[in-house]
Amino acid sequence: MSEPGAGLRRGPAQPVETAAVAGAGGPFGVAAVAGAGGPFGVAAVVESGGPFQMAAGAESSGPDKSGGPDQSGGPEESGGLGESDGLREADGPAEGSRGPAGSAGPERGAAASAPGPAASARRKLRPEHYDFFAGGAGEETALRENERAFGRLALLPRVLRGGADLGTRVSVLGREWQAPLFVSPTAFHRLAHPDGELATARAAAATGIPLVTSMAATTAVADVVAAAREADSEALVWFQLYPQPEHEVTAELVRRAERAGCRALVVTVDSPVFGRRTRDLRNGFHDLPPGLAAENMRDLPGAAPGSTRDIAMWPAGWDDLARLRELTDLPVVLKGVLHPEDARTAVEQGVDALLVSNHGGRQLDAAPASVEALPAVVEAVAGRVPVLMDGGVRRGTDIALALALGARAVGVGRPVLWALATGGEDGVREVLTALREDFTHVLTLCGGRRPEDLTADQVVPRGLPYRPGGPGRGERAW
Ligand SMILES: Cc1cc2nc3c(=O)[nH]c(=O)nc-3n(C[C@H](O)[C@H](O)[C@H](O)COP(=O)(O)O)c2cc1C
């Protein structure tokens, strides 16, 4: 695919984006790119019980194992992928039962009569764009599991710990964050709202929540950072990078991020090929509409002046990461690490932080839920660098569970996209505020005064008897 999208390109042998899509019959242009990032967590969130909506959706979402996406005939017809969003009109928590932000439903699986955030966004978006944001790879197992896994965990509160000096600040890469929360990188915000990444950036900055802007953004990184800094001169923006096979292209992207004022590079390494996003394949969604493009890919080496390059998905190696490190003094956060051995290697290679993520279920469908992969990575890292995570975070309890299991902070993807689609900048501000407030509430109920007070012994499985002395034994993992 070409303009306007800076589509995805296969790796050395073949362009990745196209590969996945092509496999299913359609060329994948920019969309592919987008797909690579699995955007809208929110939808999923919503449906499956996220803040806005409910888990009910989650439970029922997605095709069941007996008839994957292909067999199920698509969301609408079969209650497969489409319903897996929990987007049926009747789904979602009752108004009065919504979470603080109105974005997180009270309980996963709670039936709801009010539409949730994903459902609301769905009404605003073209079906193929909604699916692009909401969908995952394959049968969308990883997508669903990201949320369900949180639902399988309970928090054991501690009592009589006193103290009125509640605080939610955490320190990440030398900066104090107001809360252990950030906006994960997602592609194509202008598909969700005309103001796109500018609205997201202003809202994140206004709420003091760091933003990771995607390389596949529909707004150039310099403009994203400028918008954030208008709202807050100290706003923290990081740049997400897919290393490109042409070193000079990667180098130019890094320079742009530096010049824009980004404070870290989030290097996504879970995409050696483009994920096979079932809904995109079915919809034939393979490119951005006219007038929109992956603006960071414009005017790069090897492209005609004024045109955009495709984003290549290719199997980079540790050597490529080392070369990337030589390009910049910015801290490097490795995104998409799930295996503890990779975590160990990354730390030995000098990576500054890890982001445990399965790309919102948009890459390897057999990947575990992020929160289930988290403890082993935390153990492997042994406190040497901060561990972040994203995937399925929809409410304050999810944030608390991840922190108790050793995450320093968590990212949200789809919830921000749904909020952007339905409410623009105001919507994003509301959902981020709600998540932060919900976390503060949960932290207090758990007997904590600071995020670091949450410990692994407070996490127990639902549906099974538990006993003291389980994982973590009360020690802080970081
Ligand atoms: C529509 C969409 C686009 C995404 N685009 C990117 C991307 O460009 N780069 C990237 O590293 N991750 C991307 N992701 C993955 C997110 O950064 C994040 O890992 C995921 O959305 C977290 O899960 P959640 O959506 O359940 O919160 C994307 C996710 C979605 C849903």
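Modeller: Start with helix 8, where Pro-117, Ala-118, Ala-119, Ser-120, Ala-121 and Arg-122 are buried. Buried takes 20 or more other C-beta atoms within 10 Å of a residue's own, the C-beta atoms being placed from the backbone; 12 or fewer is exposed, and in between is partly exposed. Helices are DSSP runs of H or I, at least four residues long, numbered from the N terminus.

Colleague: How many residues of helix 8 are buried?

Modeller: Six of its eight, so to say mostly covered; the helix spans residues 117-124.

Colleague: Is this predicted or what, and how do you number things?

Modeller: This is a predicted model: local features need pLDDT of at least 70, side-chain atom pairs need 80 or more, and totals for chains, interfaces and linings use all residues. Residues count from 1 along each chain as its sequence is written.

Colleague: New topic. At what angle do helix 19 and helix 20 cross?

Modeller: Roughly 60 degrees, and their axes come within 7 Å. Axes are lines fitted to C-alpha atoms over the stretch in contact, with angles from 0 to 180 degrees between N-to-C directions. That makes helix 19 oblique to helix 20. Oblique is what remains after under 35 degrees (roughly parallel), over 145 (roughly antiparallel) and 65 to 115 (roughly perpendicular).

Colleague: Which residues of helix 19 meet helix 20?

Modeller: Gly-396, Thr-397, Ile-399 and Ala-400. Their partners in helix 20 include Leu-435, Phe-439 and Val-442. Contact means C-beta atoms, placed from the backbone, within 7 Å.

Colleague: And which residues touch the most other members in the largest nonpolar core?

Modeller: Leu-354, Val-377 and Ala-402, out of 129 residues. Such a core is a set of buried Ala, Val, Leu, Ile, Met, Phe, Trp, Tyr and Cys residues joined through C-beta atoms within 7 Å. Helix 20 gives the most to this core, 14 residues.

Methods: Helices (H or I, at least four residues) and strands (E, at least two) are DSSP runs, numbered from the N terminus. Two residues are in contact if their C-beta atoms, placed from the backbone, lie within 7 Å.
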